[in-house]
Structure formats: C-alpha cells, structure tokens
Amino acid sequence: MPEYFDVPVIPFEGPGTENPLAFRHYNADEVVGDKTMREHLRFACAYWHTMRNPLSDPFGVGTAQMPWDDGSQTLANAKKRVKVFFEFLHKCGIDYYCFHDRDIAPEGKTLAQSNRNLDSVVAEFKRQQDRTGKKLLWGTACLFTHPRYNQGAATSPYLDVFTYAAAQVKKAMEVTHELGGEGFTFWGGREGYSTLWNTDMKRELDHLAAFLHMAVDHARRIGFKGQFYIEPKPQEPTTHQYDSDVAACLNFLREYDLLDHFKLNIETNHATLAGHSMLHELLVAATAGALGSIDANSGTPHCGWDTDQFPTDIYLGTQIMLVVLKMGGFTTGGLNFDAKRRRESFEPVDLFHAHIGGMDTLARGLKIAHRIIEDHRICDLISERYSSWESALGHRIETGKLTLVELEKIALRKKEPITPSGRQEMLENMVNDYM
Ligand code: XUL
Ligand code: CO
C-alpha cells in the first residue's frame with residue numbers, strides 16, 4: 001500500500017525524549033485509575049481540518065501542502081483522501097474521527113447527486129474502518145457553507161431552505177448510522193441572525209425545535225442509537241447564534257422538550273468567545289447531566305476570533321480531564337481535535353506535531369487530574385467549605401422543608417454570621433503543586 005506521509009508510527013518515548021515525533025505523555029495502554037489512557041481520552045481527528053483545511057485566512061490563500069490531493073472535486077480524489085486520512089490516524093494512534101457530509105464527498109448538481117456521491121465515499125470509509133478498526137465518534141451535516149444557507153438552515157426564513165436542510169440531515173444521519181457512528185452533532189453555524197430588524201426570533205426558534213424533533217424521530221425510525229449533541233457557539237459566522245452557550249442551549253432544549261435526547265459537545269474556543277472559561281461551560285453542562293463530548297482546541301485569549309488552535313495548555317488539559325473524570329468518564333463522547341495548524345505551519349509533518357501536542361497535553365491533564373482526585377486535598381477543602389450544610393437545618397433546607405418565616409425566626413435569634421476565608425490563593429498554589 002502506498003504511504004503518503006514520510007513519518008513513522010509515533011512511538012511513546014516518555015517525558016525525557018527530545019524526539020519531536022514521539023509522545024512524552026500519551027501512552028495509549030498505560031492504566032490511569034480504572035482505565036487505559038486510550039479509553040479515558042477517546043481522541044478523534046476532525047476530517048474538515050486535517051484533510052480539507054487549506055489554511056487560508058481572510059487576507060490570503062491557502063498554504064497547506066497536500067501532495068496527495070489533486071485539487072479536483074472528483075470522487076476519485078475524495079476517496080484517495082480517505083486512504084491518506086486512515087494512514088494519518090494509524091500513525092498518530094488516534095482511534096476515532098468526525099466529519100461533515102460535505103467534507104468527505106463533493107456536493108453534486110442536485111441533492112440526489114450529492115447523496116450518491118456521499119454513498120460512494122462512505123463505502124470507502126467503511127472499507128477503511130473494517131481494515132483498521134478505527135471508529136466514527138460523530139457525524140454532522142454542513143448546513144452553513146453553501147450559499148443557499150446564507151440566512152440559516154433550520155432557522156432560514158425560507159421554507160425551501162429548511163426543507164433542503166432537513167433532507168441533508170436525514171442523509172447525514174443515515175450514513176453516520178451506516179458507519180456505526182456513536183453520535184451526531186448539530187452546530188448551528190448560521191442558526192442565528194445578522195440583524196434583528198429582519199428577524200422573527202420566536203418563529204426561528206420554533207422551527208429549529210421542529211427540525212431537531214424530526215431528527216430525533218428519524219433516529220428512532222432507522223434504529224440509530226447514537227447520542228445527539230448540540231455544540232454551543234455565540235457568534236461567527238452570524239452576529240448572534242441561538243445556541244450561544246451551554247446555559248442558552250440547556251434552556252432551549254428544556255423549553256422545547258428535547259433535553260432527554262441531546263447532550264452538549266463543548267468546544268474551548270467557543271466557550272471563550274462566549275465570555276466563559278472552558279471549565280465554566282463544562283461544569284454548567286456536567287451539572288445538568290448533559291456533558292456529552294468535547295471539541296478539544298484553544299483560542300488566542302486576546303483575539304476575538306475562533307482561531308481553532310491545538311490545545312497545549314496544561315492547566316486547560318487538567319481542568320477538562322478533572323470534569324471528565326468526575327462525571328465518570330465519557331460514554332459516547334470523546335476529545336475531538338476541532339483544530340487547525342497555523343497558516344505558517346503548512347507542511348504535512350506539521351499535522352503530526354499539532355496532534356502529538358494536543359494528545360500529550362490532554363494525557364498530561366488526565367494524569368494530573370487523576371492525582372488531584374486521588375489526593376483528596378482540594379476536594380476535601382471544597383467539602384469543608386460547605387460543611388455547615390451537613391446539619392439538620394441544612395438538610396431540611398436542601399430538601400425543601402423550611403420556609404422564610406422559620407428561617408427568619410432562626411436568624412433573629414443568631415448573631416451576625418462569620419465566614420472563614422475563601423483561600424483562593426492557597427488553592428491556586430496547591431493546584432500548581434500537581435502540575
Ligand atoms: C465551528 C465548529 C464546527 C463544528 C461542527 O466553529 O466548531 O466545526 O464542530 O460543525
Ligand atoms: Co467544533
């Protein structure tokens with residue numbers, strides 16, 4: 001079989017190595033707590049970035065060197081990319097991948113032609129999956145690139161566009177199911193508005209909910225048992241997206257009776273665009289029992305763009321894995337590198353450096369988070385902070401058995417409450433002990 005990357009299978013060499021094409025921390029079969037790193041981390045590669053991102057920006061053309069790609073919109077070229085991709089997954093030791101329908105197969109002149117193109121490329125994915133044992137973490141439909149979606153898809157004011165998008169999602173779900181996908185994601189690229197002067201917000205939200213209910217019904221019809229995800233993002237490309245952050249998504253799902261069917265796929269750079277930390281977004285979702293999967297990337301904090309960089313921050317890796325470990329690990333979800341190289345890093349080998357860095361960062365985060373949990377010091381301090389609630393009074397309030405009248409009686413009898421220090425700096429120093 002031809003090889004497209006002049007790079008060997010990436011070995012684990014440990015923290016002391018100076019080999020840039022080796023893992024320092026990600027050792028797939030090493031056990032951390034109750035599972036191997038491979039089982040904890042469930043890394044996935046994003047087809048749209050790794051195979052399709054030319055690394056262009058608003059001011060310049062793409063720079064990415066893809067010697068295997070002839071630049072044509074042919075099925076032959078699309079299928080060749082699949083082979084290249086599976087070589088990359090194998091050499092990087094990544095078990096899962098994610099795709100949009102239109103990343104993997106060219107859009108045809110008609111919807112029927114697009115569906116045939118998709119089927120043809122999906123057959124190649126199936127062959128490669130069977131050959132390698134690699135798996136599909138989630139699939140999705142690209143409802144934002146084509147000009148027809150310029151004013152949204154499920155929230156487009158135009159019924160024909162809604163109908164087209166529904167058909168596209170139906171097909172994308174079916175091929176995801178065919179490939180044994182463990183999930184299906186909705187990221188509302190243009191499900192929002194550019195200006196409220198032309199927008200009927202209520203109607204658009206009702207339509208989005210109807211769209212998602214139809215997806216749930218279709219999953220039942222075809223026997224797709226994978227998890228549905230919504231991926232929050234506040235803006236870009238639209239001025240405002242309806243699924244702006246985790247709290248907004250949870251509210252929407254609850255309002256439209258969809259909460260039983262959806263979890264969240266949370267992306268670091270989307271969290272920061274929404275003015276939150278990744279830890280905040282993860283905790284809001286986990287607290288609601290709705291943290292499903294993670295798009296692992298990072299942004300440049302002082303730049304208001306979705307820069308989709310690979311995660312290299314050990315603090316971030318630790319915070320992510322703390323939440324994941326505390327919720328008992330992923331079930332259908334995983335860590336999908338929705339990330340691209342910088343435009344300046346255009347050689348194929350840079351794809352390896354980028355993924356190695358992301359995998360090592362999260363593996364390191366996993367080990368540190370595991371130590372933090374095992375060591376109990378920080379968790380004990382948090383429990384201690386709330387210990388006054390471990391009392392008969394606290395219990396009665398928490399179980400809804402007290403009234404304001406009774407609490408007033410108690411407060412009138414007591415002196416001014418005294419609180420201990422929050423000890424933020426001490427805790428921050430302790431966290432650094434584990435790094
Ligand atoms: C865009 C983004 C998407 C979704 C899938 O910011 O994150 O790639 O992950 O549509
Ligand atoms: Co994403």
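Visitor: Is aspartate 338 buried or exposed?
Guide: Aspartate 338 is buried, because its relative accessible area is 7%; buried means under 20%, exposed over 50%, and partly exposed in between (1.4 Å probe, protein chains only). This is a predicted model, where local features need pLDDT of at least 70 and side-chain atom pairs count only at pLDDT 80 or more, while totals for chains, interfaces and linings use all residues. Residues are numbered from 1 along each chain as written, chains are lettered from A and ligands numbered from 1 in written order, and side-chain values use heavy atoms, without hydrogens or water.

Visitor: OK, and which residues are the protein donors of the cobalt ion (ligand 2)?
Guide: Glu231 (OE), Glu267 (OE), Asp295 (OD) and Asp338 (OD), at 1.9 to 2.1 Å from the ion. Donors are N, O and S atoms within 2.8 Å of the metal (3.2 Å for Na, K and Ca), with water not among the atoms, so sites may look incomplete.

Visitor: How are they spaced along the chain?
Guide: The donors follow E-x35-E-x27-D-x42-D. Glutamate 231 sits in the loop between β8 (227-230) and β9 (240-241), and aspartate 338 in the loop between β12 (335-337) and α12 (348-375). That pair links distant parts of the chain, 107 residues apart. Helices (H or I, at least four residues) and strands (E, at least two) are DSSP runs numbered from the N terminus.

Visitor: And glutamate 231, buried or exposed?
Guide: Glutamate 231 counts as buried, at 3% relative accessibility.
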